[in-house]
Amino acid sequence: MDEILKIQDLCKNYPKFSLKNVSFTINAGEIMGFIGRNGAGKTTTLKSIMNLLHYDSGCIMAFGKDMSADELENKQRIGFALSELNYYPNRTIKQMVNVIKRFYKDFDMDKFNKLAELFNLDMTKKLEALSSGMKVKFSLATALSHNAELLILDEPTSGLDPISRDEILDIFRQIVREGNRAILFSTHITSDLDKCATNITYIHDGEIKFTGKKVDLINSYLFVSKQEVPESALSHFIGYKEIDGKIEGLIKSEDKKYLDICGVEAREPDLEEIMVYLERSERTNESFII
């Protein structure tokens, strides 16, 4: 596979938060979901990739070229969209796209118009009048309209209804189908990643806790939901909680033998369950191991 984006030892220090040696790689044909709780460092990482803020150290390579040294060339090949539009609120969609298209030599207005129709965007509406969902759709339409080889998207499905989200996930799958483009997107809607992601990068308090194939992350854990769990088995949970007398929690797959001994059954978890209980392990001072 061709390497499209490589982040190596990215560091950024704030008074109360730091990115700590963030490293991950995205190859052509991959859809990488970037997950972590609010304040974990997702948006800081994405902005660093796009040189929208100054990071302290590290290396960011896009298409084999340094992102700082070859910024203008690389950005022609990247579609980038933040979760909120905060510029020119009094401009209409039509006015804004006429400005944006000047920055991209390969901007395809016909493609934008088709996407605008698909997303039901009213070209005469001002940005300040758009719902949060419509703002996301406008950002996506512009990002998809200049034949970008890499899409970097911050919460692209936030605020969308289930039908619109499903349409966008279909578009994501189509984009990477030929194997020469890639997508990196942050999200809190882990069910979207269950449907379309090939890879996951999980960040916690500015540190990468996992990066790799989604299937490898899921196969690393088992989910338990049981009315009674012996105390001897509870010690092997990464994180758990009690709901109406029932124990729900997460264990490492390699610890299944301890459940078998106690007669407790487990199943494959989804991404939300993995994220919730890994975070819970931190709050309960239990070991955080991936």
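How many bridges join strand 3 to strand 9 (residues 199-204), and in which sense, parallel or antiparallel, do they run? In this predicted model, 4 bridges join the two strands, which run parallel.

**Strand 3**
- Strand 3 (residues 31-35) is mostly covered, with 5 of its 5 residues buried; Ile-31, Gly-33 and Ile-35 lie on one side, and Met-32 and Phe-34 on the other.
- Strand 3 also pairs with strand 8 (residues 182-186) in the parallel sense, over 4 bridges.
- Ile-31 stands opposite Ile-183 in strand 8, while Phe-34 stands opposite Thr-201 in strand 9.

**Aromatic pairs**
- The structure holds 6 aromatic pairs, among them that of Phe-24 and Phe-34, whose ring centres are 5.6 Å apart and whose planes are at 45 degrees, so the pair is tilted.
- Because Phe-24 lies in strand 2 (residues 18-27) and Phe-34 in strand 3, this pair ties together parts that are 10 residues apart in sequence, and both residues are buried.
- The rings of Phe-112 and Phe-138 have their centres 6.2 Å apart and their planes at 90 degrees, so this pair is edge-to-face.

**Charged side chains**
- Lys-137, found in helix 5 (residues 132-143), is buried yet has no salt bridge, the nearest side chain of opposite charge being Asp-161, 4.7 Å away.
- Arg-77 lies over the face of Phe-63, at 4.0 Å from the ring centre, and Lys-12 lies over the face of Tyr-14, at 5.1 Å from the ring centre.

Note on methods:
Residues numbered from 1 in each chain as written. Predicted model: local features only at pLDDT ≥ 70, side-chain atom pairs only at ≥ 80, totals over all residues. Heavy atoms only, no water. Buried < 20%, exposed > 50% of the residue type's maximum accessible area, 1.4 Å probe, protein only. Lys, Arg positive; Asp, Glu negative; His and termini not counted. Salt bridge = Lys/Arg side-chain N within 4 Å of Asp/Glu carboxyl O. Pairing = 2+ DSSP bridges. Phe/Tyr/Trp six-rings, centres within 6.5 Å; stacked < 30°, edge-to-face > 60°. Lys NZ or Arg CZ within 6 Å of the ring centre and 35° of its normal.
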